Amino acid sequence: MKNISLAFALLAGAAMVSTAQAQQVNILSGGGAYQESQQKAYFKPFEKATGIKVVEDEYNFELAKIKSEVDSGAVKTDVFDLDAPTTLQACAEGIIEKVDYAKLGLDKSKFIGADRFDCGVPTIIYGYVFAFDTTKLKPAPTKMADVFDLKTFPGKRALQKSPVANLEWALIADGVAREEVYKVLGTKEGVDRAFKKLDTIKSQVVWWEAGAQPPQLLADGQVVITSAWNGRIFNAIKKDNKPFKIIWDNQGLDWDVWAMPKGAKNRDAAMKFIAFASGAETQADQTNYISYGPANKDAIAKIKADILPDLPTAPENMKTAWEVDPSFWSDNGDELRERFSSWLAK
Amino acid sequence: MTSAAELTIDGVPLKQRLKRTELRQKLKALGLVLPLFIFIIFSFVMPIGTLLMNSFVDPGIRNLLPATVEALVEWDGKDLPPESAFAAFVADIKINQQNGTVPLLGKRLNYEISGIRSKIQNAAKKIEKLDQPPFKSAVIAMEPMLANTSTWVIIQRGHSIFTPNYLLNALDLKLDEAGQVVAMPEDRAIYKSIYLRTLLISLTVTLATLVLGYPVAWLLANLPTRTANLLLIFVLLPFWTSLLVRTTAWFVLLQDNGAMNEFLIALGVTNEPLKLIFSRFGTIVAMTHIQLPFTLLPIYSVMKTISPSYMRAARSLGAGPTYAFVKVYMPQTLPGIAAGCLLTFILCLGYYITPALVGGPTDQMVSGVIADAMNRDLNWGKASALGAILLGATIILYLVYDRLVGIDNVKLG
């Protein structure tokens with residue numbers, strides 16, 4: 001009899017151990033230097049703090065990937081790192097969960113841009129900026145509008161092959177106030193005006209599509225100035241010692257968020273992870289590995305003084321910043337992209 | 001002694017017995033191909049069928065606004081719909097609000113009415129609180145877009161689960177308010193030119209691979225095997241190189257101060273660097289590089305089977321080398337040319353990463369647009385329509401090709 005109960009106790013113990021081991025959270029993120037920074041600042045410390053295993057994978061922010069997982073009922077991922085437009089779309093499709101800040105134990109008002117996303121907790125803020133090669137452009141450009149000044153700053157410039165940010169910049173350079181940009185862009189005249197401004201530099205533009213291209217184009221001397229995501233230029237300056245400089249004037253701010261698909265298998269672990277990765281300390285720590293701004297406002301004070309000036313959310317860089325409006329782009333993106341393509345072909 | 005049929009040893013007519021054996025043989029053969037057959041049905045025919053359906057079947061509006069589309073059936077489309085339709089609309093929206101499907105409705109309507117997505121979402125929040133008629137005046141006052149007759153025409157059309165919109169849009173056409181097919185405004189008409197561009201680029205690349213590949217194939221076929229194999233490895237190298245490495249290599253060669261331009265400037269051919277990359281030229285060079293083996297190998301394997309005695313015979317009968325080559329040798333390689341060119345052309349239609357990386361602003365091919373509609377916009381109706389038209393065009397071209405070359409003449413080796 002004794003032996004049997006002992007065996008049961010052992011079995012129960014083994015069962016408990018195995019459930020403890022099964023605790024894990026599957027996270028999908030964008031890969032590259034960005035995911036590396038997440039490993040160092042979030043994944044590893046989270047495993048250490050909670051004992052929950054982080055199983056990570058990479059994807060290309062394909063909405064179809066999330067949809068197919070949720071629709072087929074085979075949800076493998078528990079937490080997604082999503083970009084802003086994908087978040088809005090996925091939320092509209094009803095394939096990711098609405099965020100309940102209270103349940104996560106987070107204070108919504110602490111997160112920059114939280115009001116824009118029903119279904120995601122903002123994690124980083126990156127900047128659409130311009131950058132130039134200091135050895136090629138003399139005098140050096142200082143403001144965004146200089147990109148449109150071919151006389152003082154001659155040479156090829158590179159822009160992303162997408163209307164997003166380009167139309168906003170064109171309007172701002174044409175004298176529209178930052179706060180008014182989306183109002184103006186919402187009218188036919190406003191769109192015409194933006195394209196007319198882009199027309200003035202069109203012949204000198206090289207169009208890039210992948211985020212790795214801008215620093216490459218600058219390094220090869222293919223262009224003298226380029227739009228880019230700030231992190232890519234930062235890497236080229238710090239890691240590859242390139243003579244590049246970022247123009248923070250009129251940077252466009254955009255987000256990545258954490259989101260959970262509907263029907264996540266490890267929902268509790270996923271929520272624990274999001275809460276963990278949204279803390280001020282952990283977010284400040286991430287800036288040690290990549291130059292994106294933490295979405296948690298409290299993190300700013302905890303960032304090292306020598307790192308802060310390179311972040312899009314540094315107070316100095318925020319002075320003339322504007323926010324890319326994901327809602328505007330999901331409303332008008334289709335039409336403007338078509339218009340942009342036909343304008344390119346002309 | 002005149003029996004009607006010959007009998008086998010167990011008394012069954014021979015004919016019957018033979019039939020039975022044959023049937024068994026046939027079933028056995030069928031059993032062998034059955035797995036492949038089922039595989040093709042499930043992995044090819046069905047998905048493509050669903051895809052083609054998606055391009056003209058879309059019950060989205062009907063599912064989300066069932067009462068409204070019913071109430072709009074009788075509406076003449078001239079003035080705003082009657083109060084009853086608005087009442088149905090309010091009821092539908094309330095259900096959508098409860099189910100959390102308002103964003104889906106907004107997205108669906110936004111395909112046809114640009115900018116309505118967020119407006120519907122905002123209006124829905126207000127409509128939820130409406131519980132007293134008159135609904136019409138209240139809804140109109142809420143959102144100017146809902147005071148447009150055209151918005152209601154679109155909703156009315158949603159009554160049918162069939163929609164011509166996706167296919168029309170993919171051809172730069174649309175339905176106007178009166179239901180007539182009209183051209184897209186010029187600044188939004190992009191797809192026709194993208195299709196033409198796709199065909200043109202594919203055709204150019206096919207020709208380029210043929211012109212470059214044919215002599216090489218001949219050389220390979222006529223060299224001693226050892227040398228030929230070594231050369232073949234060079235031909236196959238682009239096969240084994242990753243797309244990004246290949247593209248980067250072209251970058252180094254073709255950019256403004258790259259090897260090619262520096263060479264040309266040193267020679268004095270040009271003073272300014274030529275636009276070799278981020279242009280149509282760059283796209284075609286990079287694609288030709290990748291496609292060369294696809295055109296070359298079928299030609300090569302057909303050439304290997306051509307006996308040299310034909311050429312010898314032609315020469316000994318007095319034909320000059322060129323004449324013999326053109327009249328005797330080339331016609332025999334035609335099946336290889338046909339196969340190689342068909343293969344390359346059809347593969348070219350599907351390119352999109354290469355044009356995106358080394359092409360200019362006007363080198364986007366149709367597959368890129370389809371991928372965006374699929375992955376980025378989740379607009380599968382649009383993706384399906386674009387795909388259906390590409391498939392249709394390919395089939396037509398194939399039939400023309402069959403007429404010209406004869407598909408029986410295609411030989412892979």
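Mentor: Happy to! Let's begin with helix 4 of chain B, whose buried residues are B:Ala85, B:Phe86, B:Ala88, B:Phe89, B:Val90, B:Asp92, B:Ile93 and B:Asn96. Keep in mind as we go that this is a predicted model. An α-helix has 3.6 residues a turn, so residues three or four places apart point the same way. With that in mind, look again at the list, which includes B:Phe86, B:Phe89, B:Ile93 and B:Asn96. B:Asp92 is also one of the buried residues.

What do these buried residues pack against? Their partners in chain B are helix 2 (60–64), helix 3 (66–71), helix 5, helix 6 and helix 7 (135–142). As for the helix itself, helix 4 of chain B covers residues 83–99, 17 residues in all. From first C-alpha to last it reaches 24 Å, close to the 24 Å expected at 1.5 Å a residue. Just after helix 4 of chain B comes B:Gly100, which has a positive phi of about 70 degrees.

Two of those packing partners, helix 5 and helix 6 of chain B, lead us to the contact between the chains. That contact takes 30 residues from chain B and 29 residues from chain A. On the chain B side, at least two residues each come from helix 5 (102–110), helix 6 (117–127), helix 17 (353–358) and helix 18 (366–376). Helix 5 of chain B gives the most, with five residues. Sorted by class, the side of chain B that touches chain A holds 10 nonpolar, 13 polar and seven charged residues.

Now step back to chain B as a whole. It has 19 helices and two strands. Its radius of gyration is 31 Å, well over the 22 Å that the globule rule gives for 413 residues, so chain B is more spread out than a compact globule. Along the principal axes, its C-alpha atoms fill a box of roughly 100 × 100 × 35 Å. Buried residues account for 33% of the 413 residues in chain B. Of the contacts in chain B between residues at least 6 apart in sequence, 66% join residues at least 24 apart.

The assignment for chain A gives domain 1 (2–125 + 255–316) and domain 2 (126–253 + 319–345). Their centres, taken over C-alpha atoms, are 31 Å apart. Where they touch, 15 residues of domain 1 of chain A are in contact with 15 residues of domain 2 of chain A. On the domain 1 side, helix 4 (84–93) and strand 4 (121–133) of chain A give two or more residues, and helix 4 of chain A gives the most, with four residues. That side has nine nonpolar, three polar and three charged residues.

Finally, a word on confidence. Chain B averages a pLDDT of 89, and 98% of the residues score at least 70. Within chain B, confidence is lowest in helix 12 (residues 243–254), at a mean of 84, and highest in helix 10 (residues 191–222), at 95. The model scores ipTM 0.75 and pTM 0.81.

Key: Residues are numbered from 1 along each chain as its sequence is written. Chains are lettered from A and ligands numbered from 1 in the order in which they are written. This is a predicted model: local features need pLDDT of at least 70, side-chain atom pairs count only at pLDDT 80 or more; totals for chains, interfaces and linings use all residues. Domain bounds come from an automatic or database domain assignment. Two residues are in contact if their C-beta atoms, placed from the backbone, lie within 7 Å. Ala, Val, Leu, Ile, Met, Phe, Trp, Tyr, Cys and Pro count as nonpolar, Asp, Glu, Lys and Arg as charged, and the others, Gly among them, as polar. The radius of gyration is taken over C-alpha atoms; the globule rule is 2.2 Å times the number of residues to the power 0.38. A residue is buried if 20 or more other C-beta atoms lie within 10 Å of its own, exposed if 12 or fewer, and partly exposed in between; C-beta atoms are placed from the backbone. The expected span of a helix is 1.5 Å times one less than its number of residues. pLDDT is the predictor's confidence in each residue, from 0 to 100.
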